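Visitor: I would like to learn how to read a protein structure, one feature at a time. Could you take me through one slowly?

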Amino acid sequence: MRDEDRQTIRQLPLFSKMEEHHFEQLMRAAYAQRIPQHVDLIREGEPADFLYLVMEGRVELFSASHGRETSMAIVSPVSTFILAATIKDAPFLMSARTAT
């Protein structure tokens, strides 16, 4: 991961007050990945396995039921999404896919 990305992540409210050694420990397991447009990242009902941060582009959060989809939100940089499921080790309540 680029140093400038680590610094940007460090400034997010979620991480800004975290002790440095905890942040460094967390970042050791982190990696950056470029994902093409229209790729499903997570599916509603599946267990949370990662904390996702949008560094570039946009991510669409959506829900599907009975053959129909509804957009719930568009996530822009720099931010996390589906944080509660990750922290609570709970299933995702929405799906997400790359928009741009």
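Guide: What follows is a conversation about the structure shown above. It is a predicted model, in which local features need pLDDT of at least 70 and side-chain atom pairs count only at pLDDT 80 or more, while totals for chains, interfaces and linings use all residues. Residues are numbered from 1 along each chain as its sequence is written, and side-chain values use heavy atoms, with hydrogens and water left out.

Visitor: How many helices and strands are there in the protein, and what pattern does it follow along the sequence?

Guide: Helices (H or I, at least four residues) and strands (E, at least two) are DSSP runs, numbered from the N terminus. In this protein there are four helices and six strands, and along the sequence they follow the pattern α-α-α-β-β-β-β-β-α-β. Taken along the principal axes, the C-alpha atoms fill a box of roughly 45 × 30 × 20 Å.

Visitor: What share of the residues counts as buried?

Guide: A residue is called buried under 20% relative accessible area, exposed over 50%, and partly exposed in between, using a 1.4 Å probe and protein chains only. Of the 100 residues here, 28% count as buried.

Visitor: Which residues touch the most other members of the largest nonpolar core?

Guide: In soluble globular proteins, nonpolar side chains tend to be buried together. A nonpolar core is a set of buried Ala, Val, Leu, Ile, Met, Phe, Trp, Tyr and Cys residues joined through side-chain atoms within 4.5 Å. The largest one in this model has 13 residues, of which Ile-42, Val-59, Leu-61, Phe-81 and Ile-82 touch the most other members. The elements that give two or more residues to this core are β1 (40-42), β2 and β3. A second, separate core has five residues, including Ile-9, Leu-12, Phe-15 and Met-27.

Visitor: Where is Ile-42 found, and which residues does Ile-42 touch?

Guide: Contact means heavy atoms within 4.5 Å. Ile-42 is found in strand β1, and it counts as buried because its relative accessibility is 3%. Not counting residues up to four places away in sequence, Ile-42 touches Tyr-52, Phe-81, Ile-82, Phe-92, Met-94, Ser-95 and Ala-96. The C-alpha atoms of Ile-42 and Ile-82 are separated by 9.5 Å, although the two residues are 40 apart along the chain.

Visitor: Is Ala-96 buried or exposed?

Guide: Ala-96, in strand β6 (residues 95-98), counts as buried because its relative accessibility is 0%. Leaving aside neighbours within four places in sequence, Ala-96 is in contact with several residues, among them Val-39, Leu-41, Ile-42, Val-59, Glu-60 and Phe-81. Its C-alpha atom is separated by 8.2 Å from that of Glu-44, which lies 52 residues away along the chain.

Visitor: And which side chain does Glu-60 join through a polar contact?

Guide: A polar contact is a pair of N or O atoms within 3.5 Å; within protein, one must be able to donate a hydrogen and the other to accept it, and residues adjacent in sequence count only if both atoms are side-chain atoms. Here the side chains of Glu-60 and Ser-71 are joined by a polar contact of 2.2 Å. Glu-60 is found in strand β3 (residues 59-65) and is buried, with a relative accessible area of 14%.

Visitor: What should I look for in the loops?

Guide: One thing to read there is the backbone angles. His-66, in the loop between β3 and β4, has a positive phi of about 55 degrees although it is not a glycine, and at 81% relative accessibility His-66 counts as exposed. Asp-89, in the loop between α4 (83-88) and β6, has a phi near 55 degrees, again a positive value in a residue other than glycine, and Asp-89 counts as exposed at 61% relative accessibility. The peptide bond from Pro-77 to Val-78 is cis, with omega near -20 degrees, and Val-78 is placed in the loop between β4 (68-75) and β5 (79-81).
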